[in-house]
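Subject: Handover of a structure

Dear colleague,

Please find the structure below.

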Amino acid sequence: LSCKNAQELNEWTMHLKYAIFGKLVWSGYLTQKYKKKLKIKWKRRYLEVYASQTVHVYKNPTKHKLKQQLEMNAKHISCVKYGTDDADADDDEHTHVIEVYDTQQCVRSTFSAANEHTREQFMDALRHIMNASPRIHILHHGLLYFRADTLKSWKCAYFALIQGSLLQFKGDELETGAQYCQQLMHNIYADDDFYNIGFQECVQRSIPMIEPQFDRKEIEAMDTKRYRLSQTLMQKLKIFSVTTTIGKYYFGALDSTQLLSWCQSFERHVRNA
């Protein structure tokens, strides 16, 4: 096939790409991570995200040579995650990282955006073409002390209230639990099976909010010796309880502001249940 001029060729190319790959959902620049032997380099690349669940990687917008084509479906991809900053980069810092994982949970490709807005645009485009499981809508999240009504000892964990459940994330430190929470909020999973795997990796316990009853409890009524908690910490905690059809749980916020935020979130949850 031949065309009369470059403009006509470009028009044909555009129509053929649309017929093959579907609608262009997003295009723009990202930097891509390359590892050769022991050296790590980041190179600027031009990406196009298509509705046919494909991502094309080019050197620049002229698109003379396709550097890589990613098939963004459950046969090739398990999930897309926010990555961590790359301390091994040989140029500038890369603080807005995206990692694409294959079905064996290994990193297949790593990209970095110039800013948070560009990363969100790219992630939203991938979420759209992958028909991904909807992002969990979190009503409130944060660190809480807690114990079940049948137990005496208090523990510390990171929690998130979502519609229908209160999630306890793995790890007993603020940073670890918060990281798992952020993963579950932002990760894109190729299908429900990969989502369930990701959920189990992040969440220690899910407390169903079935007919929940929320109540504040006076601190003075708590016996510090009986419940194995220091008197100093017990005096600091702002206690509230949540009762569901499966049991009763006590929670302690570290200050009045956190307590108010949790109270308002539980009240909204009850109204919308």
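How many aromatic pairs does the structure hold? The structure holds 14 aromatic pairs. Rings of Phe, Tyr and Trp (its six-membered ring) pair if their centres lie within 6.5 Å; planes under 30 degrees apart count as stacked, over 60 as edge-to-face and the rest as tilted.

Before the details, a word on the source. This is a predicted model, in which local features need pLDDT of at least 70 and side-chain atom pairs count only at pLDDT 80 or more, while totals for chains, interfaces and linings use all residues. Residues are numbered from 1 along each chain as its sequence is written, and side-chain values use heavy atoms, with hydrogens and water left out.

The pLDDT (the predictor's confidence in each residue, from 0 to 100) has a mean of 85 for the protein, and 86% of the residues reach 70 or more. Where pLDDT is low, the predicted coordinates should not be read in detail.

The protein has six helices and 15 strands; helices (H or I, at least four residues) and strands (E, at least two) are DSSP runs, numbered from the N terminus. Of its 273 residues, 43% count as buried, where buried means under 20% relative accessible area, exposed over 50%, and partly exposed in between (1.4 Å probe, protein chains only).

Seven strands form an open antiparallel sheet in the order β12-β10-β9-β8-β15-β14-β13. Its edge strands, β12 (203–208) and β13 (213–216), each pair on one side only; two strands pair if DSSP finds at least two bridges between them. Strands β8 and β15 (residues 247–253) pair over four bridges in the antiparallel sense, and Ala148 stands opposite Tyr249 in β15. Helix α6 (residues 256–272) packs on this sheet and touches β8, β9 (155–162), β10, β13, β14 (238–244) and β15. Touching here is contact, that is, heavy atoms within 4.5 Å.

Eight strands form another open antiparallel sheet, in the order β4-β3-β2-β1-β7-β6-β5-β11. At its edges stand β4 (66–71) and β11 (188–189), each with a single partner strand, so one side of each is left without a neighbour in the sheet. Strands β1 (residues 24–36) and β7 (residues 107–112) run antiparallel and are joined by two bridges; Thr31 stands opposite Ser112 in β7.

Two of the aromatic pairs deserve a description. The ring centres of Phe146 and Phe159 are 5.1 Å apart and the planes are at 80°, so this pair is edge-to-face. Phe146 lies in strand β8 and Phe159 in strand β9, 13 residues apart. Phe146 is buried at 5% relative accessibility, and Phe159 is buried at 0%. The rings of Phe214 and Phe266 have centres 5.4 Å apart and planes at 15°, so this pair is stacked. Phe214 belongs to strand β13 and Phe266 to helix α6, so the pair ties together parts that are 52 residues apart in sequence. Phe214 is partly exposed, at 23%, whereas Phe266 is buried, at 2%.

Lastly, Ala132 is found in the loop between α2 (116–129) and β8 (138–148). Ala132 is buried, with a relative accessible area of 15%. Leaving aside neighbours within four places in sequence, Ala132 is in contact with Arg127, Ile188 and Tyr189.

Yours sincerely

Technical notes
Axes are lines fitted to C-alpha atoms, for helices over the stretch in contact, and angles run from 0 to 180 degrees between N-to-C directions.
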